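I have a new structure open and my notebook beside it. I'll jot down what I look up, one topic at a time.

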Amino acid sequence: MSVMAGAVSEGMISNKNEEKAEEAAEEVGAKVAFGERIREIAIAADSDGGGTLDWEEFQELSHSAAWRELQDEAGVDHHQITEVFEALLSCQPPGQEESVAIDEFVKGFQHCHEAVESISVLRFERDVAQSHEALRQRVSFMSKEIAELGNLLTTVAAQLSAPRAARSGA
């Protein structure tokens, strides 16, 4: 009898674990689908096709019917997402175009959509800091590449002008 009870309880536990796994998979699937909807709307608002949203594009996006519907569904008001967009803009290094990569914007909106817990705020801050650091590294790398190209052009220009000087002196 106890063997049967053990088998039944194992079966119940297994079913419960399967249900939890299915719920988790559905939740992940819903989050991915929601992120894709945000991305599609943001891409449609990206008028120059650069993969980023500037302030004007964000304003146009925020007035679209699809965006307002998404905000209502997510329970995120315009003020919240505007603050996130402004925070993302402020992370741009000086001299960079003031725009936000669409993927970063999607992450920001998703963070607004999640229940506000200290851990989600910390994750958002971490994500913004990581994006800022990656951008800083790209800018640094590009600056070095530009400097090397400048040196190369100077060398080539000097080599090209040397034969002219030799010909004009001959």
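By contact I mean heavy atoms within 4.5 Å. Before using that, a note on the source: this is a predicted model, so I keep in mind that local features need pLDDT of at least 70 and side-chain atom pairs count only at pLDDT 80 or more, while totals for chains, interfaces and linings use all residues. Residues are numbered from 1 along each chain as its sequence is written, and side-chain values use heavy atoms, with hydrogens and water left out.

**Entry: Glu104**

I started with Glu104, which lies in helix α5. Helices here are DSSP runs (H or I, at least four residues), strands likewise (E, at least two), and both are numbered from the N terminus. Is Glu104 buried or exposed? Glu104 is buried, at a relative accessible area of 18%; the cut-offs are under 20% for buried, over 50% for exposed and partly exposed in between, with a 1.4 Å probe and protein chains only. Leaving aside neighbours within four places in sequence, I find Glu104 in contact with Leu88, Asp127 and Ser131. With Ser131 there is also a side-chain to side-chain polar contact, at 2.7 Å. That term means a pair of N or O atoms within 3.5 Å; within protein, one must be able to donate a hydrogen and the other to accept it, and residues adjacent in sequence count only if both atoms are side-chain atoms.

**Entry: the whole chain**

Next I zoomed out. I count six helices and two strands in the protein chain, in the order α-β-α-α-α-β-α-α. The chain has 170 residues, and 25% of them count as buried.

**Entry: the core**

Which residues have the most contacts inside the largest nonpolar core? They are Ile38, Leu61, Trp67, Ile81, Phe105 and Phe109, in a core of 25 residues. Helices α1 (2-45), α2 (55-62), α3 (65-74), α4 (78-90), α5 (102-113) and α6 each supply at least two residues of this core. A nonpolar core is a set of buried Ala, Val, Leu, Ile, Met, Phe, Trp, Tyr and Cys residues joined through side-chain atoms within 4.5 Å. I also looked up Leu61: not counting residues up to four places away in sequence, Leu61 touches Ile41, Ala42, Ala45, Trp67 and Phe105.

**Entry: salt bridges**

The rule I use is a side-chain nitrogen of Lys or Arg within 4 Å of a carboxyl oxygen of Asp or Glu. How many salt bridges does this rule give? The count comes to five.

- Arg37 and Glu73 meet in a salt bridge at 3.0 Å, N to O. The pair links distant parts of the chain, with Arg37 in helix α1 and Glu73 in helix α3, 36 residues apart.
- Asp103 pairs with Arg39 in a salt bridge, the closest N and O atoms being 2.8 Å apart. This pair also links distant parts of the chain: Asp103 is in helix α5, Arg39 in helix α1, 64 residues apart.
- Glu36, Arg39 and Asp103 are linked in a network of salt bridges.
- Glu133 forms a salt bridge with Arg136, at 2.6 Å between the closest N and O atoms. Both lie in helix α6, three residues apart, about one turn of the helix.
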